[in-house]
Protein chains: 2
Amino acid sequence: MRITVLAGGVGAARFLRGLKRAAPEAEITVIGNTGDDITLFGLRVCPDLDTVMYTLGDGINTEQGWGRAGETFSIRAELAAYGASPDWFTLGDRDFATHILRSQLLTAGQPLSAVTEVLCRRWQPGVRLLPMSDDAVETHVVLQSPGGDRGGRPPRSQQGPGERRVVHFQEWWVRMRAETPAAQIIAAGAAGAAPAPGVLDAIAAADVILFPPSNPVVSIGTILAVPGIRAAVAAKTVVGVSPIIGGAPVRGMADACLAAIGVDTSAAAVGAHYGPELINGWLVDDQDKAAADDPALAGIEVRALPLYMRDLPATAAIARAALDLAQELR
Amino acid sequence: MRITVLAGGVGAARFLRGLKRAAPEAEITVIGNTGDDITLFGLRVCPDLDTVMYTLGDGINTEQGWGRAGETFSIRAELAAYGASPDWFTLGDRDFATHILRSQLLTAGQPLSAVTEVLCRRWQPGVRLLPMSDDAVETHVVLQSPGGDRGGRPPRSQQGPGERRVVHFQEWWVRMRAETPAAQIIAAGAAGAAPAPGVLDAIAAADVILFPPSNPVVSIGTILAVPGIRAAVAAKTVVGVSPIIGGAPVRGMADACLAAIGVDTSAAAVGAHYGPELINGWLVDDQDKAAADDPALAGIEVRALPLYMRDLPATAAIARAALDLAQELR
């Protein structure tokens with residue numbers, strides 16, 4: 001069986017571990033979000049790709065969900081002693097090595113897809129990991145002006161020229177902890193980006209496409225914003241796993257992202273946001289089982305089951321349910 | 001008093017600690033060799049500048065003489081796990097931070113002199129540290145073909161086109177441990193390089209120029225190869241400290257470098273190599289006191305004294321002797 005997964009970071013990486021357990025014989029291709037990528041200290045950092053690679057390659061800090069196990073932080077301390085900025089993004093020494101090598105190869109002219117393949121030769125993640133695009137796409141956040149409603153864009157007339165402040169997604173997410181509401185979230189560069197080599201083929205060749213419980217706006221949404229990907233995905237059998245349980249994100253601050261696009265923080269609203277033209281099946285947690293009768297989800301087969309990825313067996317059961325639903329829907 | 005010092009790495013750095021002790025009120029400018037600089041993993045490494053900066057800023061691994069105190073080697077291990085090369089140049093995690101920041105600033109368009117100033121703001125070395133040039137000069141070593149005499153260049157007729165192998169100085173020095181004889185040592189790029197801002201002024205304004213016990217070929221020699229520097233130095237009172245004691249380099253493999261330029265490994269031969277047109281005074285170790293009567297050193301005032309830099313007081317005494325001799329000769 002061929003499975004293609006659109007992946008963000010921690011949630012996707014954990015889901016993928018369960019998927020590998022649930023379908024050990026499957027050929028899995030992972031299309032990773034690169035909108036979170038950022039250049040820090042001259043080095044290119046790809047948080048989502050690395051989280052998937054480290055998790056599946058058994059190099060992850062499992063408690064934290066991101067970063068390397070057994071990390072040390074000499075470089076961070078040194079850069080701080082030099083007064084270098086930014087100081088709000090934590091990178092460990094082991095992790096730095098990945099960014100150093102990646103940057104070296106990128107500067108030498110290799111595309112990110114080829115560089116990711118080189119890095120994966122070491123980690124052997126057991127899946128084919130592709131960046132969504134070799135072109136730079138960066139998620140930027142337009143901050144809401146003071147006085148604007150959270151969840152709505154402030155009227156233009158209220159915005160002075162100095163008020164509209166745009167920050168890199170990581171600055172908003174990590175430094176500001178998404179506490180300043182986002183007026184708009186932009187996948188800068190997406191319109192002109194091309195899917196990385198192999199991406200459209202992996203979608204076309206897939207028996208099933210899965211959306212793990214990743215952020216529907218800045219992870220899955222950004223991947224879908226690369227021209228050609230949404231249409232290719234829509235042509236296939238797609239099953240998604242809700243990242244929202246009981247009205248709250250399981251992890252992270254997806255609610256702040258959903259507010260920016262005017263979508264409620266609920267399993268039903270996220271499923272409806274994808275819509276029946278994109279997804280065929282939608283897994284929600286037992287506590288959200290009412291979504292099965294929600295008219296907003298008409299045309300989508302909804303299944304309720306325990307969705308907390310407490311451990312590997314629980315996660316494998318979720319992945320198994322997604323595959324079973326896909327089998328039914330094909 | 002204004003003192004300008006042409007500096008290589010470990011020997012110069014230790015001498016400078018003694019000089020600061022001997023002349024605490026002096027205004028010291030250090031012109032550092034950058035011919036040893038190398039780009040590793042996409043990062044620019046300046047071993048001599050860093051050795052001076054770390055030593056005078058109390059960040060050096062004092063036993064080793066180079067690299068940072070309290071180092072860890074996570075990044076090195078990680079890069080090896082990725083199969084990245086080269087694996088023969090040891091960089092610690094703390095040291096990597098310096099190279100990361102330097103490379104970031106260089107890539108952003110800042111010249112090496114400005115970058116060095118930024119790095120020194122942290123280390124406060126107590127001297128003004130200038131790279132010899134902002135232009136890239138790299139010391140390359142032409143390896144002697146098998147069968148060629150050590151110390152001489154093999155006749156051209158014996159060299160096939162594939163036999164003339166040129167390596168970066170660091171590869172010869174660190175990886176090959178200078179065991180393959182050098183047919184020629186080239187300061188690649190020196191002819192087209194300009195002294196960094198402040199270098200010629202610091203030479204012109206100096207009351208005395210000192211050559212610490214640095215490698216006369218690949219450290220002092222490379223600095224002097226930058227157009228304009230040799231003539232500016234020659235116009236001043238110059239006192240040098242022999243890096244050769246009792247027919248052997250105190251540290252490193254200067255003998256292999258001297259062989260490549262046909263100079264004997266002796267205090268007298270190195271003094272004569274600089275010659276009376278460049279240096280006015282030459283300090284040799286007590287065991288080399290015969291050099292004072294060597295006709296090859298005619299025109300150079302030679303003084304014999306204990307030259308091993310065993311500790312800070314011994315080193316300060318050497319620096320004091322150099323300054324005293326300069327005072328006499330002015």
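This tour visits the interface between chain B and chain A, and then a sheet in chain B.

The model is predicted: local features need pLDDT of at least 70, side-chain atom pairs count only at pLDDT 80 or more, and totals for chains, interfaces and linings use all residues. Residues are numbered from 1 along each chain as its sequence is written, chains are lettered from A in the order in which they are written, and side-chain values use heavy atoms, without hydrogens and water.

**The interface**

Select the residues of chains A and B that are in contact (heavy atoms within 4.5 Å); each chain contributes 25 residues. The buried area, meaning the accessible area (1.4 Å probe) lost by the two parts on being put together, summed over both, is about 2,100 Å², and carbon and sulfur atoms give 65% of it. In chain B, display Glu78(B), Tyr82(B) and Arg122(B), which lose the most area to chain A, together 32% of what that side buries.

Next, show Arg122(B) with Glu78(A): their closest N and O atoms lie 2.6 Å apart in a salt bridge (a side-chain nitrogen of Lys or Arg within 4 Å of a carboxyl oxygen of Asp or Glu). The count between the two chains is four salt bridges.

**The sheet**

Now select the strands of chain B (DSSP runs of E, at least two residues). An open sheet of seven strands runs S5-S2-S1-S9-S10-S13-S14 with parallel pairing, where pairing requires at least two DSSP bridges.

Methods. Helix = DSSP H or I, 4+ residues; strand = E, 2+ residues; numbered from the N terminus.
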